[in-house]
Amino acid sequence: MGKWSVMELIGMNTEPDKQDFQEIYLSPYEVEASETNFYSQENIEELADSIRMVGQQQPTVLGRVDGVYKIISGHRRNLANIHNIETGAFPWDYQAKYLYKDMTPAMLELSLIVGNAFNRRLTPYEETEQAARLKAALIRARDEDGLEIAGKLRDVVADILQTSAAKVGRMNKINNSLVPEAKEQFKAGKLGQSAAYEAARLPEEEQRQIAAQAAAGEKVQHKDVAQKVTEKKAEQAAARAEKAAKKAEAAQTAAAQAGLQAERAAESADSSATLTSAHMNPPEPDEQQEWTTRDWAIYHLRELMGVASYITEDDLIILQDILMAATGRRDNERH
């Protein structure tokens, strides 16, 4: 099929006759309500009285999907006509005027939302649900029917609903992060849209506490929930700062330990190099007078390394005593 554009869908809401919709007369029983319709169906009797007195001012708009007529906009009008038939105000063979267009299931879902976006006053919950459904319907129509979407999806949703992208972002946060218990209170009108948005920014357990307060009849105000969010952010910032400080302290300790290990390794390497490279031969008799205690120590240690496999436990005890004494004298000099 050819590609659709979002602007065509918006045009459908205001001028359906220019969007290839055809006029048809059907019994209200021949059309079906859309399964995904979530808009309220209230005050049907009042609307039925109005239609009976002045006639139906606006035709119900249908999408024909696989030969079945499904309502896009006008669910209440269709129910009002059925009410008038069943109460005897209209004859059983009464037919109402409809406008219809063939479409796919994906386009029906999208058309349902666009077609109902401006013809009623929505509750905050319905408004938020509408934004979520519209986003999902746009994605489905893009993937299944080649709907052309230019720009960011959030901006497209905002344009269709004639609101700001920032508000759509807040509604997305509610839809994505608000726990079911809080959503129930939001749907019931016990939690305002701003309070619901702030609550959605809190951990789930705190959201449930707020939902419980609303369910118990306590008034949950936006400013109080926002204060909780501010406090939670401060706690999280403090926790991150403490964690960073601990990491820095650990890094400093590790650096000091690494420096000490490097110093010891250098000393060991220096000693090993001295033992293996310096004074490899015993001194000549005329040189022995010039050798220092350190020279003799290095010489004898080198010689010991050559016969290490023949050293006994008694020998090791003597060597250990010598090492401990020498280490003690070195440490005393350093201090």
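**A helix and its two partners**

Modeller: The crossing of helices α5 and α6 is right-handed, in what is a predicted model. Two packed helices are described by the angle between their axes and the distance between the axes. Helix α5 covers residues 124–145 and helix α6 covers residues 153–161. Their angle is about 120°, and their axes lie 10 Å apart. That makes α5 oblique to α6, because roughly perpendicular stops at 115 degrees and roughly antiparallel needs an angle over 145.

Next come the residues that make this contact. From α5 they are Gln 130, Ala 131, Leu 134, Lys 135, Leu 138 and Ile 139. From α6 they are Leu 153, Val 156, Val 157, Ile 160 and Leu 161. Sorted by class, 9 of the residues in this contact are nonpolar, 1 is polar and 1 is charged.

Most residues other than glycine have a negative phi. Gln 162 is not a glycine, yet its phi is positive, about 55°. Gln 162 has 64% relative accessibility and therefore counts as exposed, since the limit is over 50%.

On the α5 side the contact uses Glu 127, Thr 128, Glu 129, Ala 131, Ala 132 and Lys 135. On the α7 side it uses Lys 167, Met 171, Asn 172, Ile 174 and Asn 175. By class this contact has 4 nonpolar, 3 polar and 4 charged residues. Ala 131 and Lys 135 of α5 take part in the contact with α6 and also in the contact with α7.

To place this in the whole: the chain has 13 helices and 4 strands. Of its 335 residues, 33% count as buried. Among contacts between residues at least 6 apart in sequence, 70% join residues at least 24 apart.

Strand β2, residues 60–65, is one of the strands, and 5 of its 6 residues are buried. Strands β2 and β4 (residues 96–102) run parallel and are joined by 5 bridges. Strands β2 and β3 (residues 68–73) also pair, in the antiparallel sense, over 5 bridges. Arg 64 stands opposite Asp 102 in β4 and opposite Tyr 69 in β3.

The hairpin of β2 and β3 has 2 residues between the strands. Asp 66 lies in that loop and has a positive phi of about 55°, although it is not a glycine. At 75% relative accessibility, Asp 66 counts as exposed.

Asn 78 in helix α3 (residues 75–86) has 4% relative accessibility, so it counts as buried. Leaving out residues up to four places away in sequence, Asn 78 touches Pro 28, Val 31, Thr 60, Ile 71 and Tyr 98.

Technical notes. Residues numbered from 1 in each chain as written. Predicted model: local features only at pLDDT ≥ 70, side-chain atom pairs only at ≥ 80, totals over all residues. Heavy atoms only, no water. Axes fitted to C-alpha atoms, helices over the stretch in contact; angles between N-to-C directions. Parallel < 35°, antiparallel > 145°, perpendicular 65-115°, else oblique. Left-handed = near helix turned anticlockwise from the far one by under 90°. Contact = heavy atoms within 4.5 Å. Nonpolar A, V, L, I, M, F, W, Y, C, P; charged D, E, K, R; others polar. Buried < 20%, exposed > 50% of the residue type's maximum accessible area, 1.4 Å probe, protein only. Pairing = 2+ DSSP bridges.
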